[in-house]
Amino acid sequence: MTFGFAPSTDPTRLASVSPPADASSPLGRLLEPAEWAAAGIPLLRDPRDVVRGLYERHRPTRETAVVAVLDQEERVRASASFARRSTPVDGWVFRNALLAQLRRVIPHDLRRRTPVHTAVLLYCRDGGEGWTEEDGAWMWGLRDACTLHGLRCGAYITLTACGWQVLGEGRGGRQPNAGRASAVNSVVNGGHGPHSANGAETAYTANGHGGVEFLRRAASL
């Protein structure tokens with residue numbers, strides 16, 4: 001499975017996926033823990049509830065990312081899960097993958113001066129709880145995708161065999177964990193989710209105001 005986009009004549013879409021000047025240095029497109037801490041990422045009031053909710057919705061396997069959009073009350077307004085391609089760490093590729101999912105499940109808020117929605121990312125992976133370069137690339141990708149979609153960048157959460165951990169905050173728990181994860185659970189079209197432009201199976205869910213419309217848009221792509 002690969003990350004990709006269908007051809008588009010929309011100049012805003014083309015501009016948003018143009019590679020940066022340092023495209024030859026993928027390892028430069030990541031955030032160190034200190035940089036992430038300095039970015040002013042808002043703290044989740046109840047990270048355990050958010051993690052459990054996303055886990056129950058998507059049942060992620062290893063190397064599965066779940067991106068969710070929260071409202072000001074930390075209710076999930078839309079979310080999507082997708083499998084990470086086995087390629088070298090590249091924050092720009094991760095950014096494009098996250099942006100593609102966000103565009104499918106929720107309209108952008110670029111017209112607002114201040115974001116009203118926050119995007120958080122849960123990533124299920126092997127290894128320990130500590131920060132890795134792959135985590136740094138996901139952080140870079142999440143922050144950039146949020147900027148391009150008019151969202152506030154929220155927490156980055158890892159799910160490993162040891163449990164879950166909100167990186168940069170020191171908060172976590174033993175359950176759920178990657179050992180309990182099962183196949184990605186699609187909640188659209190009777191259990192058969194829509195497919196992305198590159199054919200990779202993706203699971204979507206949305207609730208709250210406008211959720212049904214978000215799902216219709218996702219299923220039509």
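Does Asp 126 count as buried or exposed, and at what relative accessibility? In this predicted model, Asp 126 counts as exposed, at 52% relative accessibility.

1. Arg 62 and Asp 126. The side chains of these two residues meet in a salt bridge, with an N to O distance of 2.6 Å. Arg 62 sits in the loop between helix H3 (47–58) and strand S1 (64–70), and Asp 126 in the loop between strand S3 (118–124) and helix H5 (133–149), so the pair ties together parts that are 64 residues apart in sequence. Arg 62 counts as partly exposed, at 42% relative accessibility, whereas Asp 126 exceeds the 50% cut-off for an exposed residue with its value of 52%.

2. Other salt bridges. The structure holds 10 salt bridges. One of them joins Asp 71 to Arg 75, with 2.9 Å between the closest N and O atoms. Asp 71 is buried at 10% relative accessibility, while Arg 75 is partly exposed at 47%. Another links Arg 112 and Asp 109, whose closest N and O atoms are 3.6 Å apart. Here Arg 112 is partly exposed, with a relative accessible area of 48%, and Asp 109 is buried at 12%. Salt bridges with shared partners also join Asp 71, Arg 75 and Arg 77 into one network.

3. Burial of strand S1. Seven of the seven residues of S1 are buried, so the strand is largely enclosed by the rest of the structure. In a regular strand, side chains alternate between the two faces of the sheet. In S1, Thr 64, Val 66, Ala 68 and Leu 70 point one way, and Ala 65, Val 67 and Val 69 point the other way; all are buried.

4. Pairing of strand S1. S1 pairs with strand S2 (residues 76–83) in the antiparallel sense, over seven bridges. Within this pairing, Thr 64 has Ala 83 of S2 as its bridge partner. S1 is also joined to S3 by seven bridges, and these two strands run antiparallel. Ala 65 has Tyr 123 as its bridge partner in S3. The hairpin of S1 and S2 has five residues between the strands, and Glu 74 takes a positive phi near 65 degrees there.

5. Helix H4. With 15 residues at 1.5 Å a residue, H4 should span 21 Å, and the end C-alpha atoms are 21 Å apart, which agrees. Of these 15 residues, 13 are buried, so H4 is largely enclosed by the rest of the structure. The N-terminal end of H4 is capped by Asp 90, which has a side-chain oxygen 2.9 Å from the backbone nitrogen of Trp 92.

6. Leu 102. This residue lies in helix H4 (residues 91–105) and counts as buried, at 1% relative accessibility. Leaving aside neighbours within four places in sequence, Leu 102 is in contact with Val 67, Val 69, Ala 145, His 149 and Leu 151. Val 67 and Val 69 are among the residues of S1 that point the same way as Ala 65. The C-alpha atoms of Leu 102 and Ala 78 are separated by 8.4 Å, the two residues being 24 apart along the chain.

Key
Residues are numbered from 1 along each chain as its sequence is written. This is a predicted model: local features need pLDDT of at least 70, side-chain atom pairs count only at pLDDT 80 or more; totals for chains, interfaces and linings use all residues. Side-chain values use heavy atoms; hydrogens and water are left out. A salt bridge is a side-chain nitrogen of Lys or Arg within 4 Å of a carboxyl oxygen of Asp or Glu. Helices (H or I, at least four residues) and strands (E, at least two) are DSSP runs, numbered from the N terminus. Buried means under 20% relative accessible area, exposed over 50%, partly exposed in between (1.4 Å probe, protein chains only). Contact means heavy atoms within 4.5 Å. The expected span of a helix is 1.5 Å times one less than its number of residues. A polar contact is a pair of N or O atoms within 3.5 Å; within protein, one must be able to donate a hydrogen and the other to accept it, and residues adjacent in sequence count only if both atoms are side-chain atoms. Two strands pair if DSSP finds at least two bridges between them.
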